[in-house]
Amino acid sequence: MHTHILPERLPNFADKFGYGDFIHLEHHKKGFARMMRGQFFFREISSNCWDPKVRVGEYLHFQTPVQVVCTIPVMFSYWAKPADCLDLSRYLNDHLAAIVEDFPEHYIGLGTIPMQDTDLAIQELHRLHELGFPGIQIGSNVNQLNLNEAQFFPIFQACQDLNMAVFVHPWEMMGSEHIGRYWLPWLVGMPAETSRAICSLIFGGVMERLPKLRFCFAHAGGSFLPTVGRVQHGFECRPDLVAVDNDKAPRHYLGKFWVDSATHDPQLLRYILEVAGEDKVCLGTDYPFPLGDLEIGTFIEQMNLPESTVEKIFYKNTLEWLYGTRG
Ligand SMILES: [Zn+2]
């Protein structure tokens with residue numbers, strides 16, 4: 001339920017809008033492209049980042065016929081002018097819708113919306129709903145605003161009303177400018193970002209006020225679950241700092257949100273299954289990127305988990321997260 005995809009050809013949005021470091025692609029040799037952020041190199045990608053047939057082939061090698069696809073977080077462009085971000089979001093969402101239409105047995109799409117503008121975000125959310133998308137992907141912060149800020153609540157309210165699931169992915173990692181070396185924004189920043197998002201949604205009362213909204217968090221919830229003892233203790237020992245907007249304890253929300261399985265660590269996954277609950281862990285890979293689980297759950301098959309647990313992780317929990325039902 002956690003894979004990323006891009007259109008093979010992207011318009012040059014910087015030229016189109018006349019400003020900004022929008023991502024564009026340089027197809028410098030067959031099957032490979034450079035993602036460029038303005039004039040700066042961001043990441044090398046290959047055809048499995050855009051070619052739906054190549055992806056299906058690579059997945060079938062691991063007996064996995066269905067991928068939930070969403071854009072790459074660097075495409076969110078929440079920093080852009082809202083109308084331009086809407087334009088970009090619609091382009092990406094139309095591309096996802098076309099792939100789902102062409103390969104309905106292999107792809108499920110999660111849309112992207114301009115979170116920096118509440119009205120435009122809800123407008124695109126309704127369009128996604130009409131197109132049949134079961135949910136959206138959003139960033140762990142929006143221009144460094146936490147997800148409990150009042151301006152985002154109507155968007156979450158609309159997701160709940162439309163029965164749409166929300167996948168929260170870390171991006172624009174806090175403190176990145178101080179930790180650029182050793183890939184630390186990805187290794188340290190991303191898990192912290194995801195915990196920031198979960199803590200904000202709990203302490204800010206969003207989960208409490210929208211109990212039917214189905215959140216799923218990337219990378220097994222980042223550092224939140226491994227540090228939930230500390231978070232809980234902080235809530236108990238300093239309620240004056242922590243329990244100011246919601247008096248329900250963090251542990252109350254365990255088992256109420258979903259996480260993916262991308263831990264690269266059987267021992268940690270066992271803990272996650274115990275703490276989040278075996279009904280709340282979904283097979284998520286972060287394919288096709290190197291930090292992802294590119295053997296698509298093989299380590300889970302080797303854990304000697306009960307067959308019923310493996311079935312839940314491999315598809316039942318994802319169906320329940322996306323649609324609110326396993327049927
Ligand atoms: Zn990812």
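Helix H4 passes helix H5 in a right-handed crossing, and this is a predicted model. The axes of H4 and H5 (residues 153–161) come within 9 Å of each other and cross at roughly 15°. That makes H4 roughly parallel to H5, because angles under 35 degrees count as roughly parallel.

**H4 with H5**

- On the H4 side, the residues that meet H5 are Thr118, Ala121, Ile122 and Leu125.
- Their partners in H5 are Pro154, Ile155, Ala158 and Cys159.
- By class, this contact of H4 with H5 has seven nonpolar residues, one polar residue and no charged ones.

**H3 with H4**

- Helix H4 (residues 118–131) also packs with helix H3 (residues 82–102), at an angle of about 15° and with the axes 11 Å apart.
- H3 is therefore roughly parallel to H4.
- The crossing of H3 and H4 is right-handed.
- From H3, the contact takes in Pro82, Leu86, Ser89, Arg90, Asn93 and Ala97.
- From H4, Leu120, Glu124, Leu128 and Leu131 meet those H3 residues.
- The contact of H3 with H4 divides into six nonpolar, two polar and two charged residues.

**The nonpolar core**

- The largest nonpolar core has 83 residues.
- Within this core, the residues that touch the most other members are Val166, Phe215, Cys216, Phe217 and Ile272.
- If you pick Val166 in the viewer and leave out residues up to four places away in sequence, you will find Val166 touching Gly135, Ile136, Ile138, Cys159, Leu213, Arg214 and Phe215.
- As general background, nonpolar side chains tend to be buried together in soluble globular proteins.

- Pro7 sits in the loop between strand S1 (3–4) and helix H1 (13–17).
- Pro7 and Leu96 are 89 residues apart in sequence, yet their C-alpha atoms are 8.4 Å apart in space.
- Setting aside neighbours within four places in sequence, Pro7 is in contact with Trp50 and His95.

**Backbone features in loops**

- For context, most residues other than glycine have a negative phi, and most peptide bonds are trans.
- Asn143 is not a glycine but has a positive phi of about 50°.
- Asn143 belongs to the loop between strand S7 (135–139) and H5.
- Asn143 counts as exposed because it has 11 C-beta neighbours inside 10 Å, and 12 or fewer is the cut-off.
- Tyr182, also a residue other than glycine, has a positive phi near 60°.
- You will find Tyr182 in the loop between strand S8 (165–169) and helix H6 (184–203).
- Tyr182 has 9 other C-beta atoms within 10 Å and so is exposed.
- Tyr287 and Pro288 are joined by a cis peptide bond, with omega at about 5°.
- Pro288 lies in the loop between strand S11 (281–282) and helix H11 (298–301).

Technical notes
Residues are numbered from 1 along each chain as its sequence is written. This is a predicted model: local features need pLDDT of at least 70, side-chain atom pairs count only at pLDDT 80 or more; totals for chains, interfaces and linings use all residues. Axes are lines fitted to C-alpha atoms, for helices over the stretch in contact, and angles run from 0 to 180 degrees between N-to-C directions. Helices (H or I, at least four residues) and strands (E, at least two) are DSSP runs, numbered from the N terminus. Angles under 35 degrees count as roughly parallel, over 145 as roughly antiparallel, 65 to 115 as roughly perpendicular and the rest as oblique. A crossing is left-handed if the near helix is turned anticlockwise from the far one by less than a right angle, and right-handed if clockwise. Two residues are in contact if their C-beta atoms, placed from the backbone, lie within 7 Å. Ala, Val, Leu, Ile, Met, Phe, Trp, Tyr, Cys and Pro count as nonpolar, Asp, Glu, Lys and Arg as charged, and the others, Gly among them, as polar. A nonpolar core is a set of buried Ala, Val, Leu, Ile, Met, Phe, Trp, Tyr and Cys residues joined through C-beta atoms within 7 Å. A residue is buried if 20 or more other C-beta atoms lie within 10 Å of its own, exposed if 12 or fewer, and partly exposed in between; C-beta atoms are placed from the backbone.
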